[in-house]
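User: I would like to learn how to read the features of a protein model, one at a time. Please give the general idea, then the case at hand.

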Amino acid sequence: MTPTKRSSLGIARADSDGKPLWALVGEGALATMKFDRITTSELEALPFDQRDAEARVDHVMEALEAYGADLARTPGGAGWLYVQHVPARRLVAQVVRKLAALSAWKPFAKAPGPLRLAPYEGLVGLRSSSSREYRAYTVTWSGIAYLLGAAAPHNPLRSAQLRNLPPAATAASVPSPAPSELPVSEVVALSWSSRHAATLLPVLEELARNGRTSLVVDLATDPAERCPASGVAGVNLCSPPPSLFDLSGAVDGLRPQDDGPVVRVDEHEVQLARFLRLVSVLLETSGGCTQPSWRSVVRAETWLDGVLAAARPHTVLVSNDTSPLGALAVHVAERHGVNTVHVQHGAWTAESVAWPALHSRDIVVMGERDLPLAKEWVRHPDAEVQSWASPASMYSLASAAIASGATWKVCWLPACVAVLPASRCGPASPSVLTGSRPRPTSSWTVCGGPAATGASSSRPTRHRASTSSPPCSNGTVGRSWPWPTPGSAPVAASPVPTPWRAPIRRAASKPR
């Protein structure tokens, strides 16, 4: 994204009738003023507490949700703030940061008062960013003055640079067939980033080698982020219509008149109706696959409906389910009765994510370190989380289990390999991705696997679990169990002397 020029503005005190009044003025005039003054670049450089800022962002988002989450919905029932939460949250974070800067500037903190905006400056603009994928929106300082109550009869909602941006279009590298022409596929995966493709393709290719077909929907608008065609038969690739992400226009219901409700941020009171009007700029503007306009979201929902109706998958596989397209995909899948699986790409930290939330039912993370965050972030009431030791172990075990016709999931655990009922283990493994989700009452473990005995066999012995025995140790020997065939019920077994009940990482439920 092309960096923007920083606004050459400052804030100066300009009292009126003995009451504190602050005004946005040009930096040239700022130097001649005798009262308290500061440039906006100096103001934005003041230190602030990131944790406090994040808590304030949460507070504002909760207020926006209570005030206006139901003001716009897709035909399929997805609310605008559910789908567009990440772009909206990023903009709210910019507002919170600037309000915190005002509070941190001592002259303003001692004598707070109205802030007069700069005439004709747009209220929402762009800021400098090194990201190729995200358009970095911000609220200008005139936008901050507007939120604090200033009249803005001559200020457009968008800055000149934002108004002059060309629409983002999808330059598809593969055909864009009508949804009705797509092949029936057991798994539909969504990718709009090269990282998504690198995470999802190995799983799909492993499934394809064992006769499980899949369809990758490449939604990338940046040519560098497109998903490459797989060399494995059974992994098909398609793209949406090229015009899907070039739609812009006003959103009915998201430009309410000033009506009184406010949200408090530090000592500032912000009118929620005005906040919503600034956020609506993002929904009215085409920003590509990572920040689609609301009109693009509505059309994408209709198109995805057609894809799922034609492909008839049992699983929708994603590597991001919080950004607009990922959240929308989960919503559409659930409406079609299709399971959703999220496979992590990259390391997670609490500070690095735009929104700490996971919407899919099954979540697989790539290490024990990420389990606490995943459990904390889940939103699905029946969410289940599991970790893998490495991608290689995931792919090889998936292949072995599918080739054997197993209806059980196979998971690497710290001391041994575990085979668990599909409904209680991590996704991106055979039973979730093959649509088999048996729910027997007993758990099973596999002892004598590579981690337990040092053996290299990929076919460890299965044992029925007991709740009172310690984990497997080297040399554990128990009764062998045949691998089940598709549709068969587990054979009853007597407890073995030293089995171990594999730990089930059940995610805590949170309301969406």
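**Reading the chain, its sheets and its helix pairs**

Analyst: Of the 512 residues in the chain, 55% are buried. The model is predicted. The chain holds 16 helices and 19 strands.

User: Which share of the contacts in the chain between residues at least 6 apart in sequence join residues at least 24 apart?

Analyst: The share is 68%.

User: Let us take a sheet. In what order do the strands of the four-stranded open sheet lie?

Analyst: The order is S3-S1-S2-S4, and the pairing is mixed. The edges are S3 and strand S4 (115–116); each has a single partner strand, so one side of each lacks a neighbour in the sheet.

User: How do I read the pairing of S1 with the strands beside it?

Analyst: Take the sense and the bridges for each pair. S1 and strand S2 (residues 22–26) are antiparallel and share five bridges; leucine 9 is opposite glycine 26 in S2. With strand S3 (residues 37–39), S1 is again paired in the antiparallel sense, over three bridges. Two residue pairs can be looked up there: isoleucine 11 has isoleucine 38 in S3 as its bridge partner, and alanine 12 has arginine 37 in S3.

User: Is strand S1 (residues 9–13) mostly covered or mostly uncovered?

Analyst: Mostly covered: four of the five residues in S1 are buried.

User: What does a hairpin look like in this model?

Analyst: Strand S10 (residues 262–265) and S11 run antiparallel and are joined by four bridges. Two residues lie between S10 and S11 in the hairpin, and aspartate 266 in the turn has a positive phi of about 55°. Across the pair, arginine 264 has glutamate 269 in S11 as its bridge partner.

User: Which residues are on the covered face of strand S11 (residues 268–271), and which on the uncovered one?

Analyst: His268 and Val270 form the covered face, while Glu269 and Gln271 form the uncovered face.

User: Now the seven-stranded sheet. What is the strand order, and what is the pairing?

Analyst: This open sheet runs S9-S8-S7-S12-S13-S14-S15, with parallel pairing. Strand S9 (235–238) and strand S15 (384–387) are at the edges with a single partner strand each, so one side of each has no neighbour in the sheet. From one strand to the next, the twist averages 20°.

User: How many bridges pair strand S8 (residues 214–218) with S9?

Analyst: Four bridges, in the parallel sense.

User: What describes two packed helices?

Analyst: The angle between the axes and the distance between the axes. For helix H11 (residues 294–311) and helix H12 (residues 324–335), the angle is about 45° and the axes are 10 Å apart. That is why H11 counts as oblique to H12. The crossing of H11 and H12 is right-handed.

User: Which residues of H11 and H12 meet?

Analyst: From H11 they are Val297, Ala300, Glu301, Leu304, Asp305 and Leu308; from H12 they are Leu328, Ala329, His331, Val332, Ala333 and Arg335. By class, this contact of H11 with H12 has eight nonpolar residues, one polar and three charged.

User: At what angle do helix H3 (residues 50–68) and helix H5 (residues 85–104) cross?

Analyst: At roughly 125°, with axes that come within 9 Å. H3 is therefore oblique to H5. The crossing of H3 and H5 is right-handed.

User: Which residues make the contact of H3 with H5?

Analyst: H3 brings Ala53, Glu54, Arg56, Val57, Asp58, Val60, Met61 and Leu64, and these meet His85, Ala88, Arg89, Val92, Ala93 and Val96 in H5. The contact of H3 with H5 divides into nine nonpolar, one polar and four charged residues.

Definitions and conventions: Residues numbered from 1 in each chain as written. Predicted model: local features only at pLDDT ≥ 70, side-chain atom pairs only at ≥ 80, totals over all residues. Heavy atoms only, no water. Axes fitted to C-alpha atoms, helices over the stretch in contact; angles between N-to-C directions. Parallel < 35°, antiparallel > 145°, perpendicular 65-115°, else oblique. Left-handed = near helix turned anticlockwise from the far one by under 90°. Contact = heavy atoms within 4.5 Å. Nonpolar A, V, L, I, M, F, W, Y, C, P; charged D, E, K, R; others polar. Pairing = 2+ DSSP bridges. Buried < 20%, exposed > 50% of the residue type's maximum accessible area, 1.4 Å probe, protein only.
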